[in-house]
Amino acid sequence: MKALDYLRLLIKGPTPQQTAAQLRRPHGFLARKVARRMNAVNRLLYDGAWKALELRDGMHVLEIGFGNGLFFPTLTRQANKLVLHGLDFSADMVQQAQANNGELIGKGALSLVHGASDAMPFADAAFDRVFCINVVYFWDDPSGHLREIKRVLRPGGTFTAVLRTRASMEKFPFVPYGFTTYEQADWERVLRANGFEPVSTTVLREPETEFMGARFTPESLVMVARPL
Ligand SMILES: C[S@@+](CC[C@H](N)C(=O)[O-])C[C@H]1O[C@@H](n2cnc3c(N)ncnc32)[C@H](O)[C@@H]1O
């Protein structure tokens with residue numbers, strides 16, 4: 001980053017373009033701050049995902065795009081002997097999540113991998129559950145990602161995507177810079193076009209929030225699907 005841009009960032013804060021790039025792949029000196037901010041605003045979405053996952057003892061679970069991985073310790077308590085895996089294509093997030101989860105990693109209950117969801121370094125039929133939260137906006141072509149998710153799911157496995165609705169996302173000034181947004185019917189169409197059957201959708205109404213002068217109540221969808 002040029003010195004002038006850096007100075008502008010320090011004085012004025014990130015531009016919408018810079019925020020968008022950080023949310024897509026947190027990196028550099030802003031990565032820690034961005035990850036903490038996501039922890040604060042996305043906790044409710046994690047709770048919603050865990051309910052929808054219907055975890056049973058001993059399941060193998062993959063989270064794609066875990067950010068700083070702050071919620072793995074809570075996830076591991078949702079059932080006994082879960083085997084947790086995480087995949088994220090931000091090297092900074094992998095590093096922070098490893099630092100936040102030393103105990104789980106040390107006892108072999110969690111493994112974190114640096115990589116992208118359209119070329120996953122996992123064997124076929126490795127997982128009972130795959131989930132991601134606030135990630136599908138960044139899949140410019142969802143087909144390759146969904147093909148990989150289908151490949152790594154075991155028979156009877158499910159894929160859960162948690163996403164804010166387009167109507168909610170459009171309130172954020174960074175969304176024009178590289179986000180693809182969905183309403184429930186749009187994501188269902190994407191799922192069906194890629195060999196998944198939608199199973200259930202839960203709507204989460206989040207507390208009223210203020211962002212850059214606008215007040216609104218964001219709405220998220222917890223959408224469970226299974227391979228056809
Ligand atoms: C907006 S953040 C969401 C973090 C967290 N899930 C949350 O909701 O608070 C998106 C995360 O997904 C990761 N990510 C985005 N696209 C990805 C992809 N194709 N493969 C792996 N990780 C990806 C980013 O690096 C980042 O950590």
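Buried residues are those under 20% relative accessible area, exposed residues those over 50%, and partly exposed residues those in between, with a 1.4 Å probe and only protein chains considered. The legends below describe a predicted model, in which local features need pLDDT of at least 70, side-chain atom pairs count only at pLDDT 80 or more, and totals for chains, interfaces and linings use all residues. Residues are numbered from 1 along each chain as its sequence is written, and side-chain values use heavy atoms, with hydrogens and water left out.

**View 1. Serine 220 in strand β9.** Serine 220 has a relative accessible area of 0% and is therefore buried. Its place is in strand β9, residues 219-227; strands here are DSSP runs of E with at least two residues, helices are runs of H or I with at least four, and both are numbered from the N terminus. Serine 220 and asparagine 194 are 26 residues apart along the chain, and their C-alpha atoms are separated by 22 Å.

**View 2. The shell around the ligand.** The ligand is surrounded by 23 residues, and the closest are Asn42, Tyr46, Gly65, Asp88 and Ile133. A residue is counted as near if one of its heavy atoms lies within 4 Å of the molecule. By class, the shell consists of eleven nonpolar, eight polar and four charged residues. Here Ala, Val, Leu, Ile, Met, Phe, Trp, Tyr, Cys and Pro count as nonpolar, Asp, Glu, Lys and Arg as charged, and the others, Gly among them, as polar.

**View 3. Polar atoms facing the ligand.** An oxygen atom of the ligand lies 2.6 Å from a polar side-chain atom of aspartate 88. Backbone atoms also take part: a polar backbone atom of phenylalanine 89 is 3.1 Å from a nitrogen atom of the ligand, and a backbone N or O atom of serine 117 lies 3.1 Å from a ligand nitrogen atom. A polar contact is a pair of N or O atoms within 3.5 Å; within protein, one atom must be able to donate a hydrogen and the other to accept it, and residues adjacent in sequence count only if both atoms are side-chain atoms. Taken alone, the ligand exposes 600 Å², of which the protein buries 97%. These accessible areas come from the Shrake-Rupley method with a 1.4 Å probe, and for residues only the protein chains shown count as cover. The elements giving two or more residues to the shell are α2 (16-24) and α3 (31-53). Of the elements, α3 gives the most, with three residues.

**View 4. Strand β4 and its partners.** Strand β4, residues 127-133, is largely enclosed by the rest of the structure, because seven of its seven residues are buried. Strand β1 (residues 60-64) pairs with β4 in the parallel sense over four bridges, where pairing requires that DSSP finds at least two bridges between the strands. Within this pair, leucine 62 has valine 130 of β4 as its bridge partner. Strand β5 (residues 153-164) runs parallel to β4 and is joined to it by six bridges. Cysteine 132 stands opposite alanine 161 in β5. From β4 the chain crosses through helix α7 (residues 142-152) to β5 in a right-handed β-α-β crossover. Right-handed means that, with the strands pointing away from the viewer, the path from the first strand over the helix to the second runs clockwise.

**View 5. Aspartate 128 and its contacts.** Aspartate 128 lies in strand β4 and counts as buried because its relative accessibility is 16%. The side chain of aspartate 128 reaches the backbone nitrogen of histidine 60 at 2.7 Å. A further polar contact, of 3.3 Å, joins the side chains of aspartate 128 and arginine 154.

**View 6. Two loop residues with positive phi.** Glutamate 54, although not a glycine, has a positive phi of about 50°. Glutamate 54 lies in the loop between α3 and β1 and is exposed, with a relative accessible area of 57%. Asparagine 134 also has a positive phi, near 60°, in a residue other than glycine. Asparagine 134 lies in the loop between β4 and α7, and at 14% relative accessibility it counts as buried.

View 7. Threonine 202 is found in strand β6 and is partly exposed, with a relative accessible area of 38%. Threonine 202 and alanine 49 are 153 residues apart in sequence, and 9.4 Å separates their C-alpha atoms in space. Glycine 195 is found in the loop between α9 (184-193) and β6 (196-205), and its relative accessibility of 14% counts as buried. Between glycine 195 and valine 94, 101 residues apart in sequence, the C-alpha to C-alpha distance is 30 Å.
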